[in-house]
Amino acid sequence: MTHATNQGRPTFRFAPSPNGELHIGHALSALTGWHWAQRLGGRFLLRIEDIDVARARDHYIDQIFEDLAWIGLDWETPVRRQSAHFPAYRAQADRLAANGLLYPCFATRKEIAAAIADRANHPTDPDGAPLYPGQHKALSRDDIVARQGDGQPFALRLDMDRALTEALRITGGAPITYCALADDGSPSEVIARPERWGDAVIVRKDVPASYHLAVVTDDADQGISHVTRGRDLEAATDLHRLLQILLDLPAPCYHHHRLLLDDRGAKFAKRDGATSLHTLREQGLSRDAVRAMAGF
């Protein structure tokens, strides 16, 4: 590994969560970013996205290091861990709240499901989750204080209508766009549609950020110029670009690479028991064989 130097060069990152073992889909994502960094003479960073402290495990972090080194990657040190940067996420959330863009939501998943149970064709976000129906969007200040005084846990949601209005004010009425890179590196401008996410959770009930807030904060803090990640996260870029505008953060270019699919046509996933890189290594597969499985 090399220590971070040479600021200003193209900067890439791979950011796994230590709540399970890496599989071949992770290898594809890590190799994609690493090869782009090599091709452009850039930097390659590893970030541990352990914001979900209840599920993160240190032994998975050690295994991430071992697996990535085994497939031939190196990265700069020190490695950023999200769990060490909660104050930074709180500060960004405070900025959004100060501009009236966040509101507390005490609703549980069960209450949200009940609120939309009789609504045919209720819209969903790009991940397939039902859009928040807004039952706590207009709580009075007294009601909020009373609920907080009772110790009711709450998340902070983005008021999407207000956020879009503020973003258009900042951009002078120009549409929200981001730079997308094709496989050959050619750029194009994509119009983002963050409204698809509705009033997304920005601060979770259990930790002072959601994935969305943490990732844009991390990318800005680390000077990430190019984000390479799977097409399953392409829609999230819309919301990330909106947050970058609202928080005056730089916008990386994005490359959303192909996904590896299993025999059922589904993407490899930890929750589905995808064979881990550790297991493939124990089964005697070579580094080159695993890289070839990922298309490298």
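Tutor: Helices here are DSSP runs of H or I with at least four residues, strands are DSSP runs of E with at least two, and both are numbered from the N terminus. N121, for instance, is found in the loop between α4 (109–115) and α5. This is a predicted model in which local features need pLDDT of at least 70 and side-chain atom pairs count only at pLDDT 80 or more, whereas totals for chains, interfaces and linings use all residues. Residues are numbered from 1 along each chain as its sequence is written, and side-chain values use heavy atoms, with hydrogens and water left out.

Student: Why does N121 count as exposed?

Tutor: Exposed means over 50% relative accessible area, buried means under 20%, and partly exposed lies in between, computed with a 1.4 Å probe on protein chains only. N121 has 77% relative accessibility and therefore counts as exposed. N121 also has a positive phi of about 60°, although it is not a glycine.

Student: What makes D248 exposed, and where does it lie?

Tutor: The relative accessible area of D248 is 66%, so D248 is exposed. D248 lies in the loop between α8 and β11, just after α8, and takes a positive phi of about 55° although it is not a glycine.

Student: Why is α6 called oblique to α8?

Tutor: Two packed helices are described by the angle between their axes and the distance between the axes. The axes are lines fitted to C-alpha atoms, for helices over the stretch in contact, and the angles run from 0 to 180 degrees between N-to-C directions. For helix α6 (residues 160–171) and helix α8 (residues 236–246) the angle is about 60° and the axes are 9 Å apart. That makes α6 oblique to α8, since angles under 35 degrees count as roughly parallel, over 145 as roughly antiparallel, 65 to 115 as roughly perpendicular and the rest as oblique. The crossing of α6 and α8 is left-handed, a term used if the near helix is turned anticlockwise from the far one by less than a right angle, with right-handed used if clockwise.

Student: Which residues of α6 and α8 meet?

Tutor: With contact taken as heavy atoms within 4.5 Å, M160, A163, L164, E166, A167, I170 and T171 in α6 meet L239, L242, I245 and L246 in α8. The residues of this contact of α6 with α8 divide into 9 nonpolar, 1 polar and 1 charged; Ala, Val, Leu, Ile, Met, Phe, Trp, Tyr, Cys and Pro count as nonpolar, Asp, Glu, Lys and Arg as charged, and the others, Gly among them, as polar. As for burial, α8 is mostly covered, with 11 of its 11 residues buried.

Student: What makes α3 and α7 roughly perpendicular to each other?

Tutor: Helix α3 (residues 86–98) and helix α7 (residues 211–221) pack at an angle of about 110°, with their axes 10 Å apart. The two helices are therefore roughly perpendicular to each other, and α3 passes α7 in a right-handed crossing. A88, Y89, Q92, A93 and L96 in α3 meet L213, A214, T217, D218 and D221 in α7, and by class the contact of α3 with α7 has 6 nonpolar, 2 polar and 2 charged residues.

Student: Why is strand β3 described as largely enclosed by the rest of the structure?

Tutor: Of the 6 residues of strand β3 (residues 43–48), 6 are buried, so β3 is largely enclosed. In a regular strand the side chains alternate between the two faces of the sheet. In β3, R43, L45 and R47 point one way and F44, L46 and I48 the other way, and all are buried.

Student: How do you know that β2 and β3 pair, and in which sense?

Tutor: Two strands pair if DSSP finds at least two bridges between them. Strand β2 (residues 11–14) and β3 have 4 bridges and pair in the parallel sense, with F12 standing opposite F44 in β3.

Student: What is the order of the strands in the open sheet, and which are the edge strands?

Tutor: The order is β5-β6-β9, and the pairing of these 3 strands is antiparallel. The edge strands are β5 and β9 (201–203), each of which pairs on one side only. Strand β5 (residues 102–105) is joined by 4 bridges to strand β6 (residues 155–158), and P104 stands opposite L156 in β6.
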